[in-house]
Amino acid sequence: MTMPEAPDPVSIRRLYGRAQGHPLRANAQRLVDDLLPALDVPEEGPLSAQSLFGDDRPLAFEVGFGKGEHLAFQGALHRDWGFIGAEPYLNGVAGLLAEIEERGLTNVRVHRGDAIDLLERLPDASLNAVYLLHPDPWPKARHVKRRFVNKGPVSLVAAKLKPGGEFRIATDHVNYMRHVLFTLQDDKRFEWTAETPADWEDIPADWPDTRFAQKARKLGHDVWRLIYRRL
Ligand SMILES: C[S@@+](CC[C@H](N)C(=O)[O-])C[C@H]1O[C@@H](n2cnc3c(N)ncnc32)[C@H](O)[C@@H]1O
């Protein structure tokens, strides 16, 4: 008798990071109270560009957007696209809301919570890009399963990206960078687009440093950018 194949484990079923830091300042609290309800992703049901933006525009998704500076940058760069960001950290959500208000963006939707829960609700082959910038590195061997770049989440990203869509990953941890290369090198669903060292060391015009990237550079650390294309 052959055993049925076990499904890929989705390694991050629990959130481990902080849900909130210092108490919100008055303006941040105003944004959470007044702007978030208008931009919040609905709690249940399938998601799509149609359901979120009322048309079939290209869609992109950021996992763990931190304070949201990259997501807001992309939103301003591609005003005809729709962007979805997931981040459990309330102070980060408030940061993104401030950027959205300042830039007058109408094409960003926000989820305070786990990216995996949201990705699962999107139709397959619906995303043009997924951004994973400076994911928590979980450097200890016993915590490796908590990394976002693991079989389950990577399969989810592969399922949700359109053919030709990009999975962009940035990290300043050399071991995480190696882990990404190792995990994705034999994955037939993706190709690494880098052809020369400049492709992963230089800062492309459409990919600004995030807060974590800036912190890393200040400490003299390298920042690596990896672009995988969905085949
Ligand atoms: C090291 S920070 C990087 C933040 C930001 N991307 C940057 O580069 O400045 C990692 C972020 O990922 C968020 N995070 C961790 N697991 C997550 C998950 N499953 N879904 C969404 N966000 C997650 C954390 O709350 C944290 O804000």
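## The model

This is a predicted model: local features need pLDDT of at least 70, side-chain atom pairs count only at pLDDT 80 or more, and totals for chains, interfaces and linings use all residues. Residues are numbered from 1 along each chain as its sequence is written, and side-chain values use heavy atoms, without hydrogens and water.

## Around the ligand

A polar side-chain atom of aspartate 114 lies 3.0 Å from a ligand nitrogen. A polar backbone atom of alanine 115 is 2.9 Å from a nitrogen atom of the ligand. For phenylalanine 212, a polar backbone atom is 3.2 Å from a ligand oxygen. On its own, the ligand has 590 Å² of accessible area, and the protein covers 90% of this. Such areas come from the Shrake-Rupley method with a 1.4 Å probe.

## One cavity

Rolling a probe the size of a water molecule over the atoms shows where empty space is left. A search of the whole structure finds one cavity of 30 Å³ or more. A cavity is a set of points, on a 1 Å grid over the protein atoms alone, where a 1.4 Å probe fits but cannot get out; lining residues have an atom within 4 Å of a point. The volume of the largest cavity is about 30 Å³, counted as the space filled by probe spheres set on the points.

Its lining includes His134, Trp207, Asp209 and Arg225. By class, the lining has five nonpolar, two polar and two charged residues.

Most residues other than glycine have a negative phi. Alanine 125 has a positive phi, near 50°. It sits in the loop between helix H5 (115–119) and strand E4. Histidine 134 also has a positive phi, of about 50°. Its loop runs between E4 and H6. Helices (at least four residues) and strands (at least two) are DSSP runs, numbered from the N terminus.

Valine 144 is in the loop between strand E4 (127–133) and helix H6 (151–160). Its C-alpha atom is 29 Å from that of phenylalanine 83.

Buried means under 20% relative accessible area, exposed over 50%, and partly exposed in between (1.4 Å probe, protein chains only). Histidine 134 is buried because its relative accessibility is 10%. Alanine 125, at 39%, is partly exposed. Valine 144 is partly exposed, at 25%.

Note on methods. On a 1 Å grid over the protein atoms alone, a cavity is a set of points where a 1.4 Å probe fits but cannot get out, and a pocket is an open set with protein on both sides within 12 Å along at least five of seven lines; lining residues have an atom within 4 Å of a point. Ala, Val, Leu, Ile, Met, Phe, Trp, Tyr, Cys and Pro count as nonpolar, Asp, Glu, Lys and Arg as charged, and the others, Gly among them, as polar. A polar contact is a pair of N or O atoms within 3.5 Å; within protein, one must be able to donate a hydrogen and the other to accept it, and residues adjacent in sequence count only if both atoms are side-chain atoms.
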